[in-house]
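Let's take a walk through this model together. Have the sequence and the 3D view ready, and we will go from one part to the next.

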Amino acid sequence: MSPGDSIATCRLASSLYAEGKQTQAVDLLRGVIRERPRAHCAYFTMGIAFADAGIYREAIKMWSKVIEIAPESPEAASAKESIDVLKKFVGM
């Protein structure tokens, strides 16, 4: 992994998350957000973690941040869809 490479760190966090190492993944993502507050990949992946944990309002906040930071990105398109699904699911 390249130090300071937020995309590589997000990918590592996604892999850790898939392996069931949620705490390590979230810690990595929080570090990315601290160091690079505009790293939309970290917010996107945190949104997935929150949604999987049933913390839907926080997931929506994370995905909304993706849309704010990188509105034309593929992650933003996916975030918009995920927000719509969660809002219907939780009755917002």
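How does Lys-65 count by its relative accessibility: buried, partly exposed or exposed? With a relative accessibility of 27%, Lys-65 counts as partly exposed. Please keep in mind that the model is predicted.

## Salt bridges

Glu-68, at 53% relative accessibility, counts as exposed.

The structure holds three salt bridges. Another one joins the side chains of Glu-58 and Lys-61, at 3.2 Å from N to O. Glu-58 and Lys-61 are also both in helix α4, three residues apart, or about one turn of the helix. Glu-58 is partly exposed because its relative accessible area is 27%, while Lys-61 counts as exposed at 51%. Lys-21 forms a salt bridge with Glu-19, and their closest N and O atoms are 3.4 Å apart. Here Lys-21 is partly exposed, with a relative accessible area of 38%, and Glu-19 is exposed, with 54%. As a general point, side chains of opposite charge can pair when their charged atoms come close.

Leaving aside residues up to four places away in sequence, Met-46 touches Val-26, Leu-29, Arg-30, Ile-33 and Met-62.

## Ser-6 in helix α1

Ser-6 lies in helix α1, which covers residues 6-18. Is Ser-6 buried or exposed? Ser-6 is buried, because its relative accessible area is 10%, and the cut-off for buried is under 20%.

What does Ser-6 touch, not counting residues up to four places away in sequence? The contacts of Ser-6 are Val-32, Arg-36, Ala-39 and Cys-41.

## An aromatic pair across the chain

There is one aromatic pair in the structure. Tyr-56 and Phe-89 form this edge-to-face pair, with 5.4 Å from centre to centre and 80 degrees between the planes. The pair links distant parts of the chain, since Tyr-56 is in helix α4 and Phe-89 in helix α5, 33 residues apart.

The relative accessible area of Tyr-56 is 25%, so this residue is partly exposed. Phe-89 is exposed, with a relative accessible area of 59%.

## A nonpolar patch on the surface

Phe-89 takes us on to the last stop. Which residues form a nonpolar patch on the surface? Phe-89, Val-90 and Met-92 do, and together they have about 310 Å² of accessible area. Val-90 is found in helix α5, which covers residues 74-90. With 32% relative accessibility, Val-90 counts as partly exposed. Phe-89 thus has a place both in this patch and in the aromatic pair with Tyr-56.

How values were computed: Residues numbered from 1 in each chain as written. Predicted model: local features only at pLDDT ≥ 70, side-chain atom pairs only at ≥ 80, totals over all residues. Heavy atoms only, no water. Patch = residues over 30% accessible without salt bridge, like charges linked within 9 Å, V, L, I, M, F, W, Y side chains within 5 Å. Areas by Shrake-Rupley, 256 points an atom, 1.4 Å probe, with all protein chains shown as cover. Salt bridge = Lys/Arg side-chain N within 4 Å of Asp/Glu carboxyl O. Helix = DSSP H or I, 4+ residues; strand = E, 2+ residues; numbered from the N terminus. Buried < 20%, exposed > 50% of the residue type's maximum accessible area, 1.4 Å probe, protein only. Contact = heavy atoms within 4.5 Å. Phe/Tyr/Trp six-rings, centres within 6.5 Å; stacked < 30°, edge-to-face > 60°.
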